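Look at the chain below and follow its fold from one end to the other.

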Amino acid sequence: MTFSRHLLWKLPLAAALLAVLAAVAAAELAPAVPLATVLLSALGGAMVLLALLCIAVIVMGSRLQAILRRGGSDTQWLWFGAEPPGLARLRDRSKARRRDGQSR
């Protein structure tokens, strides 16, 4: 998996800017708290959330890739108890075509 160099600084920058925007709005809700404290709290919270999000993306991506490598048909269908409707029929048709083609 490759990452763009721009992603390494754009993602934390975007998170920090969103945190500053949220902090300015939160400062209106708590006027007794100094703005610097609200800003630092918001930036720290945003960086923690960003780190958790990155970890979750890496873990879920690895899990879904492992499922596909082990013969899973579609990772989105894992929420259901069975494979997508018609998939078994398509496999049977494919096997029959291969068998017919080999026997000729």
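Predicted model: local features only at pLDDT ≥ 70, side-chain atom pairs only at ≥ 80, totals over all residues.

Residues are numbered from 1 along each chain as its sequence is written, and side-chain values use heavy atoms, with hydrogens and water left out.

**The whole chain**

The chain has three helices and zero strands. Helices (H or I, at least four residues) and strands (E, at least two) are DSSP runs, numbered from the N terminus. Along the sequence, the pattern reads α-α-α. The chain has 104 residues, and 13% of them are buried. Buried means under 20% relative accessible area, exposed means over 50%, and partly exposed lies in between (1.4 Å probe, protein chains only).

The chain exposes about 8,800 Å². Carbon and sulfur atoms supply 68% of that area. Accessible areas come from the Shrake-Rupley method with a 1.4 Å probe; for residues, only the protein chains shown count as cover.

Now take contacts between residues at least 6 apart in sequence. Of these, 34% join residues at least 24 apart. Contact means heavy atoms within 4.5 Å.

Helix H1 covers residues 5-29, and helix H2 covers residues 35-69. They pack at an angle of about 140°, with their axes 8 Å apart. That angle makes H1 oblique to H2. Angles under 35 degrees count as roughly parallel, over 145 as roughly antiparallel, 65 to 115 as roughly perpendicular, and the rest as oblique. Axes are lines fitted to C-alpha atoms, for helices over the stretch in contact, and angles run from 0 to 180 degrees between N-to-C directions.

The crossing of H1 and H2 is right-handed. A crossing is right-handed if the near helix is turned clockwise from the far one by less than a right angle, and left-handed if anticlockwise.

Which residues meet? On the H1 side they include Leu-11, Pro-12 and Ala-27. On the H2 side they include Leu-35, Ala-42 and Cys-54. By class, the contact of H1 with H2 has 18 nonpolar, no polar and no charged residues. Ala, Val, Leu, Ile, Met, Phe, Trp, Tyr, Cys and Pro count as nonpolar, Asp, Glu, Lys and Arg as charged, and the others, Gly among them, as polar.

The table gives a C-alpha to C-alpha distance for each.

| Pair | Apart in sequence | Apart in space |
|---|---|---|
| Ala-15 and Ala-46 | 31 residues | 6.1 Å |
| Ala-16 and Leu-39 | 23 residues | 9.7 Å |
| Val-20 and Val-38 | 18 residues | 8.9 Å |

Is Ala-15 buried or exposed? Ala-15 is buried, with a relative accessible area of 13%. Leaving aside neighbours within four places in sequence, Ala-15 is in contact with Ala-46, Met-47 and Leu-50.

Ala-16 is buried, at 18% relative accessible area. Beyond its neighbours within four places in sequence, Ala-16 is in contact with Leu-43 and Met-47.

Val-20 is partly exposed, at 32%. With neighbours within four places in sequence set aside, Val-20 is in contact with Leu-39 and Leu-43.
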